[in-house]
Amino acid sequence: MNRQIRRVAVVVLVAFMALLAAPLYWQVLAAPRLTNDSRNTRVLIKEYSIERGAIVLADQTPVATSVRSKQRGDPLEFVRHYPEGERYGMVTGFYSLVFGRTLAEQEFNSFLLGRAPEQFGQNVTDLLTARETPGGTLVLTLDRATQEAAEQALRNRKGAVVALDPRTGAVLAMTTYPRYDPNQLSSHNPEAIRRNWDRLVKDEDGPLLNRAAGALYPPGSTFKVITAAAALEDGISVNQPLPSPTVLDVPQTSADIHNFGGSSCGGGTLTMPEALEISCNTTFAGLGLKLGDKKLAAEAEKFGFNRPSPYQLPAATSVIPKNQDVPATAQSAIGQRDVRVSPLQMASVAATIANGGRRMAPFVAQQVVSDKGKVVKRFEGEDLGQAIPEQVAGDLRDMMLQVVERGTGTFAQIPGLQVAGKTGTAQHAQGRPPHAWFIGFTSAGDKSIAVAVVVENGGDAGSEATGGHVAAPIAKAVMQAYLGGGG
């Protein structure tokens, strides 16, 4: 009898503990995660009673604001508005009653609501004085003129442009095409929001994709600056003659490597600067074979490959395989095969070279300011250390200056300025035009800028449509806008 009572007691106790465990988990342990989940509509409805902080550019131009709803009978007090429409959507993201928050709206949500730990003192003061507490203003690093120039130069060509300050990592411009207007997802009309969402999701051109940070492409010949860095660090000098055949006979495969468009590099030897100037595939594929897959991948990793992006907002991880056979290594050395990069990554590569080999983490939010003008929180790009030796960075800079001065990148020239760059025309699918690339940097006075441009399917092996002709002029326009002219 006592044994049965004990068994029943144990069962009741276990059931009781299970009953306690469920609310403990959901109300205590999982509460922070649920509260910050952008899909939590109940939390969003509560948030709409708060005057959400604005998102502004460095010059204080508002790109996201909260205004009182003018809709009669609307239970939601504020509606999110994006004055510039689609121009900054790939940084701000959207703030939606139905689909939650994305990008800056999500990553800095607590600051925009005035609920971050750094805003506690202000909240207590406002509580004691019965004053409503608006959210903090998020100040971005984006430069208005540079952003507009990037958008106008890219025009309606599918692709992306990223511009960074090499010294700090600050994002000066980030645009993609096609884009979307976050206002279409941020109204108080759930039916209209869902219709717009369905249309955007079904669009084969992917307007919701942030191509600048979230898309991955083969980098083509822009990757040759990394191959060159690996060769320089391996002891190959800038004056050393390198085999530069018209066709490279790659071991273990019948797929030999040719130069773009079937052109010849002279059929003899070239130095590394000469090979980069004319973007000789066979020279750099040969360097890849000499280095081997391990050294090539290790050099790329110094620039951030195979690691999560340090960017403040969600971004794709650029990759290069660590273990490759001989043919794959040769193709990877010229930015083909399975090498994949984001435009943000390649802008960072250019910025690292411009910064003497020192790599800075890209960032797009520089500070949060209270409604009284007090700086609540500052953000800076993390110094990620010396990626490559300063001497190697200097050699790469000199070679890239030569590319723009008299090589494949002449369309990036800016009168009165020294522009360094590297073109790229990347094959990616049989029968489709290659992507057109350009990465580069320049400076004037106390301002410097590094740029990456990709135009999807923008090249043509049988015409003048190459990275130098298509992407370089876009980079030139962006650099000129930031530096204030230059011809």
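Trainee: Are phenylalanine 94 and tyrosine 180 buried or exposed?
Mentor: Both residues are buried, meaning under 20% relative accessible area, with exposed over 50% and partly exposed in between (1.4 Å probe, protein chains only). This is a predicted model, in which local features need pLDDT of at least 70, side-chain atom pairs count only at pLDDT 80 or more, and totals for chains, interfaces and linings use all residues. Residues are numbered from 1 along each chain as its sequence is written, and side-chain values use heavy atoms, leaving out hydrogens and water.

Trainee: How many aromatic pairs does the structure hold?
Mentor: There are 8 aromatic pairs. Rings of Phe, Tyr and Trp (its six-membered ring) pair if their centres lie within 6.5 Å; planes under 30 degrees apart count as stacked, over 60 as edge-to-face and the rest as tilted. Phenylalanine 94 and tyrosine 180 form an edge-to-face pair, at 6.3 Å centre to centre and 80° between the planes.

Trainee: And why is the pair of tyrosine 217 and tryptophan 437 edge-to-face?
Mentor: Their ring centres are 6.2 Å apart and the planes stand at 85°, so the pair is edge-to-face. Tyrosine 217 and tryptophan 437 are both buried.

Trainee: Which residues form one aromatic cluster?
Mentor: Phe94, Phe99, Tyr180 and Trp197 form it.

Trainee: Changing topic, where does arginine 52 lie?
Mentor: Arginine 52 lies over the face of tyrosine 95, 3.9 Å from the ring centre. The criterion is NZ of Lys or CZ of Arg within 6 Å of the ring centre and within 35 degrees of the ring normal. Likewise, the charged end of lysine 447 sits over the ring of tyrosine 482, at 4.3 Å from its centre.
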